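Good morning, colleagues. Please bring the sequence and the model up on your screens; I shall speak about aromatic rings, then about charges over rings, and then about an interface.

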Amino acid sequence: MSAGAAAAQPHPGGSPGWAIVAGQELRDLWLGGRGLVLSFAFAALLSVLSSVLATTEAANLLEQREAVSLTLQAATAVGSLLALLAAADSISGERERATLETLLLTPVSRLAIAAGKALAAFSLWLAAFLLTIPYVWFLGRGIGVADEAIAAGLLVGALLALFLVGLGVGVSALARSNRMSLSVVLFGLLALFAPTQLPLSARQGWVAEALLRVNPITAGEHFVGRVLVDAHGFEEEASWLVSPAVAAVAFTLLGALLARRFLRLGRAGG
Amino acid sequence: MPRALGTCAALAAALALLVHAARGAEGGVTVVPDRHRLETRLGASVAFRTTIANRAAAASDVLVAHLEILSLDPDVYVDPEDWSQQRTRYLGRIAPGRSRTVAWRIDAISGGRFVAYVTVVGAAPRRQAPAIGEAIRVEVAGRKALDTDGILPLAIGIPAAVGALGLAIRVRRRGLPGRPPPEAERSAVHGP
């Protein structure tokens, strides 16, 4: 049953529209198999990565901390990517599959439809994070960073996932085709991740630091690195969470506004 | 006369050697740590100080102090940059008879036996041996804490569990071979 058909069914108790859409999208995603296939691939990736890191015999304490940080950052990146792709497909994909009309005919507001789909996309990141916990705990327990790693991963990962889901839903509402939606968000994600590969020498100076702070991805990565590798406190590095938090709020609102304005059949604006 | 000349030449040579030796350790600069042994645990930080003194009659050259760390165990790799963030200190000139005290901090990121020492060189481009401080023995208790055993069950178990869950859901939705899926059974019982 599609989300549109589910929303059109009478529901005793008067469940809000976003909950009905979210429930159906979650069933489609997880009971339909796509979510579990992605989760299996994600778990396999983490298994390979953590096995390589855990079996390094000559690692010193700093390298062990870096191993935990690397695992967490890889998990955050891939989990956010999954959520972004699902969000980017949420509206433009329905439009291309000709199922959007059914959804729009239901007595559910466009905002509720977008919210329900965003929640389903966010669930992919949440599942990825839950799968990450045992790996991070295993790698970090011997050196006493497991708790900090899980807390940092939850905080940074949730903010980045909200930001990227909002971005994906907004782009999906605007895009004329699903291919365009996916292309734009992937390009955007690559552009945001590119500065993480800069060498240390290129990150010196106030200009570079400002750019790293403004970019939610690099700011989040810096926060995780400082907490786990350099053993700084959360409070000490809290300023690096400003841009992820602002991006999470701003792009959630932007995605909602764009979906409310442009969630319609045919070409955007038509 | 030739004997006197020979004696003078020998004395002059000896004096030159003495002067050279005195100036060999960066022109009268001495480097003395405040301790010769440090004991700590893996993951802890330890601090020590070195006093750099100018024993010469004239002001020293512009001096640079540098911290080195090495392992006494050939199987333990040491990257000094991981042990200390500030290994180089720029001291400027030291007046004759004066000294400077520099504080150092090292993070014990590997277990085992190590040696730390400080060298001081002058910035002027002339041939002169650096002044080297006495070695500090650093004993770090504790060994590698990353548990390599037990990763395999985790690495195999979690993907297997997710895969099994997916398979179970798929079987339940589509039904076993020869048996209709649950949705078809409900439709047969309750009608469309």
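Over all chains, the structure holds five aromatic pairs. By aromatic pair I mean rings of Phe, Tyr and Trp (its six-membered ring) whose centres lie within 6.5 Å; planes under 30 degrees apart count as stacked, over 60 as edge-to-face, and the rest as tilted. One of these pairs joins A:Phe122 and A:Trp125, at 5.3 Å centre to centre with 45° between the planes, and is tilted.

A word on conventions: this is a predicted model, in which local features need pLDDT of at least 70 and side-chain atom pairs count only at pLDDT 80 or more, while totals for chains, interfaces and linings use all residues. Residues are numbered from 1 along each chain as its sequence is written, chains are lettered from A and ligands numbered from 1 in the order in which they are written, and side-chain values use heavy atoms, with hydrogens and water left out.

Where do A:Phe122 and A:Trp125 lie? Both are in helix 7 of chain A, residues 110-141, three residues apart, about one turn of the helix. Helices here are DSSP runs (H or I, at least four residues), numbered from the N terminus.

A:Trp125 has a relative accessible area of 3% and is therefore buried, the term meaning under 20% relative accessible area with a 1.4 Å probe, protein chains only. A:Trp125 also pairs with A:Phe129: the ring centres are 5.5 Å apart and the planes stand at 20°, so this pair is stacked. A:Trp125 and A:Phe129 are about one helical turn apart, because four residues separate them in helix 7 of chain A. A:Phe129 counts as buried at 9% relative accessibility, and A:Phe122 counts as buried at 18%.

I turn to charges over rings, where NZ of Lys or CZ of Arg must be within 6 Å of the ring centre and within 35 degrees of the ring normal. In chain A, the charged end of A:Arg213 sits over the ring of A:Trp240, 4.0 Å from its centre. In chain B, B:Arg89 places its charged end over the ring of B:Trp104, at 4.9 Å from the centre.

Finally, the interface. Contact, meaning heavy atoms within 4.5 Å, involves 24 residues of chain B and 28 residues of chain A. How many salt bridges are there between chain B and chain A? The count is zero, a salt bridge being a side-chain nitrogen of Lys or Arg within 4 Å of a carboxyl oxygen of Asp or Glu. On the side of chain B that touches chain A, helix 3 of chain B (residues 151-174) gives the most, with 11 residues.

Technical notes:
Helix = DSSP H or I, 4+ residues; strand = E, 2+ residues; numbered from the N terminus. Buried < 20%, exposed > 50% of the residue type's maximum accessible area, 1.4 Å probe, protein only.
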